[in-house]
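Try each task before you read its solution.

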Amino acid sequence: MTHALNRTDTLRELLDRQFDEYTDQLTELTLHTRQPDHGGHDPDTLRRLIETARQGVADTAGALKRMSEGTYGVCERCGQDIPTARLEILPSARFCVPCQQRR
């Protein structure tokens with residue numbers, strides 16, 4: 001039980017860090033939109049970067065919500081546990097690899 005708890009704590013810390021990083025990135029990119037030179041980015045690239053950061057915030061927030069609800073690490077399609085190795089690589093994963101490939 002202690003091993004599973006430590007793993008969950010580690011994944012929560014990783015998700016918290018990712019959330020902070022995405023939020024910081026989104027803040028910085030948003031500030032670039034207000035600059036005449038867009039912070040050195042062309043407007044289309046800046047929009048794509050902002051959308052990617054927003055998606056990262058949403059995915060990470062969703063994973064943290066699932067964690068608080070007790071459904072984190074369970075595939076939303078088949079209901080099987082998502083392997084820890086996958087969660088360590090992609091902590092916001094909502095699906096196991098086979099279900100993700102079927103999507």
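**Exercise 1. Cysteine sulfurs**

Solution. A disulfide is a pair of cysteine sulfur atoms within 2.5 Å. Step 2: turn to Cys 99, whose sulfur has its closest cysteine sulfur in Cys 96, 3.6 Å away and again too far for a bond. Step 3: count the disulfides, and you get zero for the structure.

Before going on, two notes on the ground rules. This is a predicted model, in which local features need pLDDT of at least 70 and side-chain atom pairs count only at pLDDT 80 or more, while totals for chains, interfaces and linings use all residues. Residues are numbered from 1 along each chain as its sequence is written, and side-chain values use heavy atoms, with hydrogens and water left out.

**Exercise 2. Around Cys 75 and Cys 99**

Task: Are Cys 75 and Cys 99 buried or exposed, and which residues do Cys 75 and Cys 99 touch?

Solution. Step 1: look at accessibility, where buried means under 20% relative accessible area, exposed over 50%, and partly exposed in between (1.4 Å probe, protein chains only). Cys 75 has 3% and counts as buried; Cys 99 has 1% and is buried too. Step 2: list contacts, meaning heavy atoms within 4.5 Å. Setting aside residues up to four places away in sequence, Cys 75 touches Gln 80, Ile 82, Arg 94, Phe 95, Cys 96 and Cys 99. With that same exclusion, Cys 99 touches Cys 75, Arg 77 and Cys 78. Helices (H or I, at least four residues) and strands (E, at least two) are DSSP runs, numbered from the N terminus.

**Exercise 3. The nonpolar cores**

Task: Which members of the largest nonpolar core touch the most other members?

Solution. Step 1: recall that a nonpolar core is a set of buried Ala, Val, Leu, Ile, Met, Phe, Trp, Tyr and Cys residues joined through side-chain atoms within 4.5 Å. Step 2: among the 13 residues of the largest one, the best connected are Leu 11, Leu 15, Met 67, Tyr 72, Cys 75, Leu 87 and Cys 99. Step 3: two elements supply two or more residues each, helix 1 (2-33) and helix 2 (43-69), and helix 2 gives the most, with three. Step 4: another core of five residues lies apart, including Leu 26, Leu 29, Ile 50 and Ala 53.

**Exercise 4. The largest pocket**

Task: How many residues line the largest pocket, and which lie nearest its centre?

Solution. Step 1: the lining has 14 residues, with Arg 7, Thr 8, Tyr 72, Gly 73 and Leu 87 nearest the centre. On a 1 Å grid over the protein atoms alone, a pocket is an open set of points where a 1.4 Å probe fits, with protein on both sides within 12 Å along at least five of seven lines, and lining residues have an atom within 4 Å of a point. Step 2: helix 1 and helix 3 (84-89) give two or more residues to the lining, and helix 1 gives the most, with four. Step 3: look at Gly 73, in the loop between helix 2 and helix 3. Gly 73 is buried at 9% relative accessible area and touches Gln 80, Asp 81, Ile 82 and Leu 87, not counting residues up to four places away in sequence.

**Exercise 5. Two loop residues**

Solution. Step 1: His 38 sits in the loop between helix 1 and helix 2 and is partly exposed, at 24%. Step 2: its phi is positive, about 55°, although His 38 is not a glycine. Most residues other than glycine have a negative phi. Leaving aside neighbours within four places in sequence, Ser 92 contacts Leu 15, Asp 59, Thr 60, Ala 63 and Arg 66.
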